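Reader: Got a model open here and a few things to check. Can we go through the contacts one by one?

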Amino acid sequence: MICFFYKKNMTKLFSQRYGYSTLADVIIREDMPEAIQNAICNCYDKMPDANIPDHDVGGYIGVKNALTEYLWCNFLNNRTEDLYEKHRYGENIDVFIDTLLDNDYPWYLKLDMIEMSLAYLFDVYKENSYGFKESPSVFEKNINKEFARLNYAYRIVDHFIVEITSEKEIKAVEKAIDTNSDNVRVHLASALELMSKRPSGEYRSSIKESISAVEKWCRKCTGEKDLRPALNKLSSKGIKIHPKLHSTFNILYEYTNHEDSGIRHALMDEDGTYTPSMDEAVFMIVTCSAFINYLNKKNTQI
């Protein structure tokens, strides 16, 4: 994607060395690869079981078995008797795991199944909380943790799955990489590479690289050494931006560069307990890329 701008003696960028040339390569969306399937299955496997009343046949049933029956009938739309028959013949049916690991099953229906599972578990918990060792919110929290760890573009919010990184946001980052000078591209490519580190991304450094891309653009335009004076001088170069937007990026710069608590320093807050996450790294690279694209457009209108 970005090979065309290399000079003869220029070393390869992070994005080309590691294969992360776009945000779409780092953030997984509209798919559910094996690693994410397995991570979700692990969350299900670790979910403590609970005994709840079985109103159909009397007695009690384990909540995992109840969830399996619920999904079999209400998600796969199969007959209950067919499930019972399979059990009678010793066939172990686990709808949640079997569906997640079925590569022929669409990724978005697998997310539907997770939503339906959460809705069922929370409804059962409201009626039978005494039987649970822990709230289903722990199950939900564990899935969100795995989504973040594996750079999945979705999160569970109030039991519903929402997209946190859209196609438009990805396009904004790609455009900023494709249409800017070498120095700006280097910082954005570095931000992507650092974000995608395994087993855990270097989010603090990724955020620093994102704001550095904005700083490089503004410094090149104005000749100033730092972002604050460079932003102040943009208007003298004919690039007029709204005062609120100007103020917002000054605040973002302070967030990354405060001498006591900024990302470019040892701590993230006064007591050292705050750590940036994948979500913040994505927010920063998308925001900084969009701002650079905005500045490019303003610059062409001079």
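Reader: What sits over the ring of tyrosine 44?
Author: The charged end of lysine 64. Its distance from the ring centre is 5.5 Å. Keep in mind that this is a predicted model.

Reader: OK, aromatics. What does the count of aromatic pairs come to?
Author: The count is 10 aromatic pairs. Take phenylalanine 147 and tyrosine 152: their ring centres are 4.9 Å apart and their planes stand at 75 degrees, so the pair is edge-to-face.

Reader: Are those two buried or exposed?
Author: Phenylalanine 147 and tyrosine 152 are both buried.

Reader: Which residues do ring pairs link into a cluster?
Author: Trp107, Tyr108, Phe147, Tyr152 and Tyr154.

Reader: Switching to strands. In which sense do strand 3 and strand 4 pair, parallel or antiparallel?
Author: Antiparallel, over four bridges. Strand 3 covers residues 154-157 and strand 4 covers residues 160-163. Isoleucine 156 faces isoleucine 161 of strand 4.

Reader: And what is in the turn?
Author: The two strands form a hairpin, with two residues between them. Aspartate 158 lies in that turn, and its phi is positive, about 55 degrees.

Reader: Salt bridges now. How many?
Author: The count is eight. In one of them, glutamate 163 meets arginine 29 at 2.6 Å, N to O. That pair links distant parts of the chain, 134 residues apart. Glutamate 163 is in strand 4, while arginine 29 is in the loop between helix 2 and helix 3.

Reader: Why does arginine 29 count as buried?
Author: Its relative accessible area is 15%, and buried means under 20%. Glutamate 163 has 38%, so it counts as partly exposed.

Reader: What about glutamate 224, which lysine does it bridge to?
Author: Lysine 233, with the closest N and O atoms 3.5 Å apart. Glutamate 224 is partly exposed at 27% relative accessibility. Lysine 233 is also partly exposed, at 31%.

Reader: Which residues join into one network through shared partners?
Author: Arg29, Glu30, Glu163, Glu167 and Lys171, all through salt bridges.

Reader: Last topic, helix 10. What span should it have?
Author: Helix 10 runs over residues 182-195, which is 14 residues. At 1.5 Å a residue it should span 20 Å. Its end C-alpha atoms are 20 Å apart, so the two agree.

Reader: How many of its residues are buried?
Author: 11 of the 14, so helix 10 is mostly covered. Among the buried ones are Val184, Arg185, His187 and Met195.

Notes. Residues numbered from 1 in each chain as written. Predicted model: local features only at pLDDT ≥ 70, side-chain atom pairs only at ≥ 80, totals over all residues. Heavy atoms only, no water. Expected span 1.5 Å × (residues − 1). Buried < 20%, exposed > 50% of the residue type's maximum accessible area, 1.4 Å probe, protein only. Phe/Tyr/Trp six-rings, centres within 6.5 Å; stacked < 30°, edge-to-face > 60°. Lys NZ or Arg CZ within 6 Å of the ring centre and 35° of its normal. Pairing = 2+ DSSP bridges. Salt bridge = Lys/Arg side-chain N within 4 Å of Asp/Glu carboxyl O.
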